[in-house]
Amino acid sequence: MATKDVIYGINGPVVTVKNTRTFSMMEMVYVGDSRLVGEIIGINDKLTTIQVYEETTGLKPGDPVYGTGTPMNVLLGPGILDNIFDGIERPLKAIEEQSGSFISRGASVSSLDLEKYWNVKIKVKVGDKLTGGMIYASCKETAIIEHRFMVPPALSGTVIKAEPSGKYRLMDTVVTIEDDKGTRHELKLCQKWPIKTARPCANRLPATVPLITGQRVIDTMFPISKGGTAAIPGGFGTGKTMTQHQLAKWCDADIIVYVGCGERGNEMSQVLDEFSELIDPKSGRPMTDRTVLIANTSNMPVAAREASIYTGLTLAEYYRDMGYHVAIMADSTSRWAEALREISGRLEEMPAEEGFPAYLPSRLSQFYERAGRVDTLSGSEGSVTIIGAVSPQGSDFSEPVTQNTKRFTRCFWALDKSLAYARHYPAINWMDSYSEYFTDLDPWFRENLGEDFIKYRNMITAILHEESNLMEIVKLIGSDVLPDEQKLVIETAKAVRVGFLQQNAFHKDDTFVPLEKQKLMMKAILHLYAKAKHIIAAAIPISGILELGLFERLAKMKYDIPNDKPEMFDDLITDIDTALAALTK
């Protein structure tokens, strides 16, 4: 190793080294005889401060510290998918074989299997000029994902040697290039990248393509773009993890990166079990074929929570650069912020609001701003969409993590405890939530679904807001005194809530709903509303309309009409017209 110094002081995960000038900021180090992984987070003329990503029990002053000369990084290559890592990209399956159910301190296992042979197809020949990001080889990583090997972004040169296609291991050299200075560089089947540095791209693209999730309340009411950012805040039991599971399974991203950051161990084990059993609806293969899981439970060292977020982001950007659309689920950023607060306290930094460090907003912005849809260096298009769960204590959305997250995300899907307890899922409150992507995405909706889709959405939103205002009156004096026009608004809003916004994840036709069916469902609800409004204007009481059972039919149409039979909506609208016509006679 490049350097060797000794520990001066230990305070939880924070270790100090005295009188050393050999380390550099953000350098990765190994601490103690067990070689615990750490990172330099502070340097002055007297002390160097190290953040250790493992349990420091047993360390003592005088134990050695080894520098590496490189920043904290992860190994990138085939074998990432269908794998489970901890916060610093150690493979949990391999560690379990080595040390049992719990990670031993200083466990040293390669992130990826270095001995496995991959069937590699070489895509370049001698004389080809390569620049950063260009693809020089590929292999089948899983049955549905092709792994594309890219020239590291800072490298360029001419191919002077290319191996034939065949079976190779990760550390085998398959292509050799020579740069303008005559220096030779060997291209292997893997590369390293510092987790706190965003991978470069050729060009950032506007947020003009939606991420289709099949969840009506999201796609229609609060859409998110590919390369967008969204926050899912909610108290305990409101369905944050469940909502992220639905998005992971059904959204039209090519690859899912799920980061369990500081979550309870039993909840994380449930996630791992469920993902291993899920079948990908697009390919019919196991969901794990296109999923990376990063498990960093609440009993793991607190400092590793911060690293887990950046590890997941770096893996997502790596697949984005291959030309894939990636969605990263961070569950939850509140636990990450709590880790920042604990480490900040041990560093004796001046606390800000509720004890969180003053740099909490800048750390959150660094995280969310790595999302985006881009032109990659290889000439393809890729994206990283970040969906972060927030766990405010007592469902208090005014606390610092939620408020600062709102500053850096353009979608806010506020989960409501009362909706969750009423078994209304997804429990996204339509009054507290918002999306800032309407202006960017409406041209796409207009082109693919017609002007009617936007018109219907606006009318549905107006009905829900009017119902909210009317319910304030109902709470005071009851609904009997309302005129029939306002009673119709309440009945229609109920049909919207139960028949459209509420969704059943266990029903084959309701767990994922195509955009075309979402549009037709809104059309049916608004058709009944418009017809009933005319009848009430003709002095026919609303009680007669309610007795027809049409609103109940609207509530069940999500089950009664299969996703592949949209023509059945014409029959529904005909039935509505026939029933109302009989009433007017």
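Arg346 and Glu342 are joined by a salt bridge, with their closest N and O atoms 3.6 Å apart. A salt bridge here is a side-chain nitrogen of Lys or Arg within 4 Å of a carboxyl oxygen of Asp or Glu. Both residues sit in helix α6 (residues 333-346), and because they are 4 residues apart there, about one helical turn separates them. Helices (H or I, at least four residues) and strands (E, at least two) are DSSP runs, numbered from the N terminus.

Before going on, a word about the model. It is a predicted one, in which local features need pLDDT of at least 70 and side-chain atom pairs count only at pLDDT 80 or more, while totals for chains, interfaces and linings use all residues. Residues are numbered from 1 along each chain as its sequence is written, and side-chain values use heavy atoms, leaving out hydrogens and water.

## Salt bridges

How many salt bridges does the rule count? The count comes to 29. Some of the residues involved are set out below with their relative accessible areas, where buried means under 20%, exposed over 50%, and partly exposed in between (1.4 Å probe, protein chains only).

| Residue | Relative accessible area | Class |
|---|---|---|
| Arg346 | 30% | partly exposed |
| Glu342 | 35% | partly exposed |
| Lys161 | 46% | partly exposed |
| Glu163 | 24% | partly exposed |
| Glu186 | 51% | exposed |
| Lys188 | 24% | partly exposed |

Lys161 pairs with Glu163 through their side chains, at 3.6 Å from N to O. Glu186 and Lys188 form a salt bridge too, at 3.5 Å from N to O. Elsewhere, a network of salt bridges links Glu39, Lys196, Glu306 and Arg363.

## Patches on the surface

Patches are made of residues with over 30% relative accessible area and no salt bridge; like charges are joined within 9 Å, and nonpolar side chains (Val, Leu, Ile, Met, Phe, Trp, Tyr) within 5 Å. Lys and Arg count as positive and Asp and Glu as negative, with His and the chain ends not counted. The place of a charge is NZ of Lys, CZ of Arg, CG of Asp or CD of Glu.

Which residues gather in a patch of negative charge on the surface? They are Asp564, Glu567, Asp570 and Asp571. Asp570 belongs to helix α16 (residues 568-584) and is partly exposed, with a relative accessible area of 48%.

A nonpolar patch is formed on the surface by Ile473, Leu476, Ile477 and Val481, which together have about 420 Å² of accessible area. Such areas come from the Shrake-Rupley method with a 1.4 Å probe, and for residues only the protein chains shown count as cover. Val481 is found in the loop between α11 (451-477) and α12 (484-501). With a relative accessible area of 56%, Val481 is exposed.

Is Thr241 buried or exposed? Thr241 is buried, at 14% relative accessible area, and has its place in helix α3 (residues 240-250). Apart from neighbours within four places in sequence, Thr241 is in contact (heavy atoms within 4.5 Å) with Tyr258, Glu267, Val271 and Asp331.

Gly394, by contrast, is exposed, with a relative accessible area of 71%. Look for Gly394 in the loop between β24 (381-390) and α8 (400-408). Gly394 and Gly234 are 160 residues apart in sequence, and their C-alpha atoms are 8.9 Å apart in space.
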